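Subject: Structure for your review

Dear colleague,

Please find below the sequence and structure that I am handing over to you. My notes on what was found follow.

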Amino acid sequence: KSPLPLAVQQVQVAGLARANVTSLALSNLKLTVDGNVFEGTLALQTGETRPSVSGTLASDLIMLAPIVSELPELTDAQGVWDKTPLSLASLHVADMDLRLSASKARLGRTTIDDLGASLLLSNGQLEFSLGQARIYGGQVKGRLVLSPQEQNIALRATGAFAKIDTGTLTKDVFGL
């Protein structure tokens with residue numbers, strides 16, 4: 001299994017482009033991915049070992065359901081932990097430094113306000129950082145790192161929550 005399946009259906013790009021043999025820079029960018037509209041900058045550079053993508057994107061509203069629905073299942077049809085190995089091989093294809101901000105993000109019935117996040121991919125190590133987000137009357141931040149090891153994958157995660165209305169959260173997320 002790949003940890004990052006990407007099933008993007010529609011992409012539209014508009015902006016100013018500057019290019020040479022080894023790089024492409026997009027400024028005044030308006031990027032639409034499956035209905036999510038982003039503005040900002042992106043740069044693509046071909047390096048000696050692998051290409052790299054960097055950028056800063058902002059959005060008024062991000063619909064997370066299409067993104068999250070493509071994540072790999074962790075359990076099989078009977079609800080038992082799926083022991084099929086995850087492969088991080090696809091993470092060695094490129095490096096990435098992407099910063100993302102959104103006024104609102106929606107996932108099902110959950111609304112996240114003032115989202116600030118980053119996605120870093122370097123030498124096959126994937127790091128997702130949630131620098132800030134307001135959710136259920138409180139705040140959350142955290143960090144998730146996936147690192148390839150010789151025969152397995154190392155996972156490190158940290159998080160902090162403050163003043164979250166857990167009653168409403170469990171009702172919206174788990175239906176309890």
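Two strands are said to pair if DSSP finds at least two bridges between them. Helices (H or I, at least four residues) and strands (E, at least two) are DSSP runs, numbered from the N terminus.

Please note that this is a predicted model, in which local features need pLDDT of at least 70 and side-chain atom pairs count only at pLDDT 80 or more, while totals for chains, interfaces and linings use all residues. Residues are numbered from 1 along each chain as its sequence is written, and side-chain values use heavy atoms, with hydrogens and water left out.

Overall architecture

The protein chain contains two helices and nine strands. Along the sequence, these elements follow the pattern β-β-β-β-α-β-β-β-β-β-α. The nine strands make up an open sheet of mixed pairing, in the order β1-β2-β3-β4-β5-β6-β7-β8-β9. At the edges stand β1 (11-19) and β9 (153-162); each has a single partner strand, so one side of each is left without a neighbour in the sheet. From one strand to the next, the twist averages 10 degrees (axes are lines fitted to C-alpha atoms, for helices over the stretch in contact, and angles run from 0 to 180 degrees between N-to-C directions).

Of the 176 residues in the protein chain, 24% are buried. Here buried means under 20% relative accessible area, exposed means over 50%, and partly exposed lies in between (1.4 Å probe, protein chains only). Contact means heavy atoms within 4.5 Å. Among contacts between residues at least 6 apart in sequence, 39% join residues at least 24 apart.

Strand pairing

Strand β4 (residues 51-63) and strand β5 (residues 95-107) pair in the parallel sense, over eleven bridges. Within this pair, Leu61 has Lys104 of β5 as its bridge partner.

Strands β7 and β8 run antiparallel and are joined by seven bridges; Glu127 stands opposite Val145 in β8. These two strands form a hairpin with two residues between them. Strands β8 and β9 are also antiparallel, with ten bridges, and a hairpin of four connecting residues joins them. Here the partner of Val140 is Phe161 in β9.

The nonpolar core

A nonpolar core is a set of buried Ala, Val, Leu, Ile, Met, Phe, Trp, Tyr and Cys residues joined through side-chain atoms within 4.5 Å. The largest one has 18 residues, and Ile112 and Leu115 have the most contacts inside it. At least two of its residues come from each of β2 (23-33), β4, β5, β6 (110-122) and β7 (125-135). Beyond its neighbours within four places in sequence, Ile112 is in contact with Leu64, Ser103, Lys104, Ala105, Ala133, Arg134 and Ile135.

Individual residues

Asp113 is in strand β6 and counts as buried at 17% relative accessibility. Not counting residues up to four places away in sequence, Asp113 touches Ser103, Lys104, Ala133 and Arg134. Asp114, likewise placed in strand β6, is partly exposed, with a relative accessible area of 34%. The phi of Asp114 is near 50 degrees, a positive value in a residue other than glycine.

Tyr136 lies in the loop between β7 and β8 (138-148). This residue also has a positive phi, of about 50 degrees, although it is not a glycine. At 14% relative accessibility, Tyr136 counts as buried.

Asp172 is found in helix α2 (residues 166-174). Leaving aside neighbours within four places in sequence, Asp172 is in contact with Arg109, Thr110 and Tyr136. Asp172 is buried yet has no salt bridge, and the nearest side chain of opposite charge, Arg109, is 4.3 Å away. A salt bridge is a side-chain nitrogen of Lys or Arg within 4 Å of a carboxyl oxygen of Asp or Glu; Lys and Arg count as positive and Asp and Glu as negative, while His and the chain ends are not counted.

Finally, Ala25 lies in strand β2 and is partly exposed, with a relative accessible area of 31%. Ala25 is in contact with Leu16, Ala17, Arg18, Leu42 and Ala43, leaving aside its neighbours within four places in sequence. Ala25 and Thr41 are 16 residues apart in sequence and 7.6 Å apart in space, C-alpha to C-alpha.

With kind regards
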